Amino acid sequence: MLRNGDVVELEVDAVGPRGEGVGSLEGRRLHVPGLFPGERAAVRISHVDRQGVRVWADSVEIVRAHPDRASPPCDRHPDTSYRRGRACDGCAWMSLRPQAQRALRLEQVRALGIPAETIESDAPLGYRASAKRVAFRDRAGRLRLGSFARGSHHGASMLGCRVDHPLI
């Protein structure tokens, strides 16, 4: 039986709806942000739903990395700077090279039966067609546009974001 705080090893075989890695263990689906299909990692259980079917976890150590794993180009990404209230978590796949990000997105779109040409673009990160943003006040009281840091209601500003469309 999986419980909060347990550390287990997980093989990721799919991508979840929020871009998280998903794998199976003890008949349950474990969702782990920051992991990708083909990776194996030690993960710490952070939440087991009431029915015990879906489980959320955090990566502790990557045992086998995706071949296209790379250092994210954004200094706000949790992989480069996980200071509370600073990491935006808005780009679930930023730790992959752009061609691998595009391939995962195409896989998701095709699985939904959506024609791939609806997300095609010449821009390196052009497959990104939407963004969910929230308005919040920063510590100085200024109104900002951004997202929430994962697992919190702390706003993370999108000023200087490398992937948002310039009109946003």
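Two strands count as paired if DSSP finds at least two bridges between them. Helices (H or I, at least four residues) and strands (E, at least two) are themselves DSSP runs, numbered from the N terminus. With that in hand, let's walk through this predicted model, whose protein chain has one helix and nine strands.

Some ground rules come first. Residues are numbered from 1 along each chain as its sequence is written, and side-chain values use heavy atoms, with hydrogens and water left out. Because this is a predicted model, local features need pLDDT of at least 70 and side-chain atom pairs count only at pLDDT 80 or more, while totals for chains, interfaces and linings use all residues.

- pLDDT is the predictor's confidence in each residue, from 0 to 100; its mean for the protein chain is 80, and 76% of the residues reach 70 or more.
- Confidence is highest in strand β1 (residues 7-11), at a mean of 97, and lowest in strand β9 (residues 155-157), at 78.
- Over residues 81-85, pLDDT stays under 50. The model has 14 contacts (heavy atoms within 4.5 Å) beyond four places in sequence for that stretch.
- Where pLDDT is low, the predicted coordinates should not be read in detail.

**The chain as a whole**

- Reading from the N terminus, the elements go β-β-β-β-β-β-α-β-β-β.
- Of the 168 residues in the protein chain, 38% are buried. Buried means under 20% relative accessible area, exposed means over 50%, and partly exposed is in between (1.4 Å probe, protein chains only).
- The protein chain's accessible surface comes to about 10,200 Å², and carbon and sulfur atoms hold 51% of that. These areas come from the Shrake-Rupley method with a 1.4 Å probe; for residues, only the protein chains shown count as cover.
- Take the contacts in the protein chain with a separation of 6 or more: 47% of them link residues 24 or more positions apart.

**The six-stranded sheet**

- Six strands line up as β1-β5-β6-β4-β3-β2 in an open sheet with mixed pairing.
- β1 and β2 (14-15) sit at the edges with a single partner strand each, so one side of each has no neighbour in the sheet.
- β2 and strand β3 (residues 21-25) pair in the antiparallel sense over two bridges, and Ala14 stands opposite Val22 in β3.
- The hairpin of β2 and β3 has five residues between the strands, and Gly19 there takes a positive phi near 90°.
- β3 also runs antiparallel to β4, joined by five bridges; Ser24 has Arg29 in β4 as its bridge partner.
- Two residues lie between β3 and β4 in their hairpin, where Glu26 in the turn has a positive phi of about 50°.
- Strand β4 (residues 28-32) and strand β6 (residues 54-64) run parallel, with three bridges joining them. His31 has Trp56 in β6 as its bridge partner.

**The three-stranded sheet**

- Three strands make an open sheet in the order β7-β8-β9, paired antiparallel.
- The edges here are β7 (134-137) and β9, each with a single partner strand, so one side of each lacks a neighbour in the sheet.
- Strand β8 (residues 143-148) is joined to β9 by three bridges, and the two run antiparallel. Gly146 has Ser157 in β9 as its bridge partner.

**The nonpolar cores**

- A nonpolar core is a set of buried Ala, Val, Leu, Ile, Met, Phe, Trp, Tyr and Cys residues joined through side-chain atoms within 4.5 Å.
- The largest one has 12 residues, including Leu2, Val8, Leu30, Val43 and Ala57.
- β1, β4, β5 and β6 are the elements that give two or more residues to this core, and β5 provides the largest share, three residues.
- There is also a second, separate core of five residues, among them Phe36, Leu96, Ala100 and Leu104.
- In soluble globular proteins, nonpolar side chains tend to be buried together.

- Val43 belongs to strand β5 (residues 40-48), and it counts as buried because its relative accessibility is 0%.
- Leaving out residues up to four places away in sequence, Val43 touches several others, including Val8, Leu10, Leu30 and Val60.
- Val43 and Ala57 are 14 residues apart along the chain, yet their C-alpha atoms are separated by 6.0 Å.
- Val8, counted in the same way, touches Val43 as well as Leu2, Leu25, Leu30, Ala41, Ala42 and Ile45.
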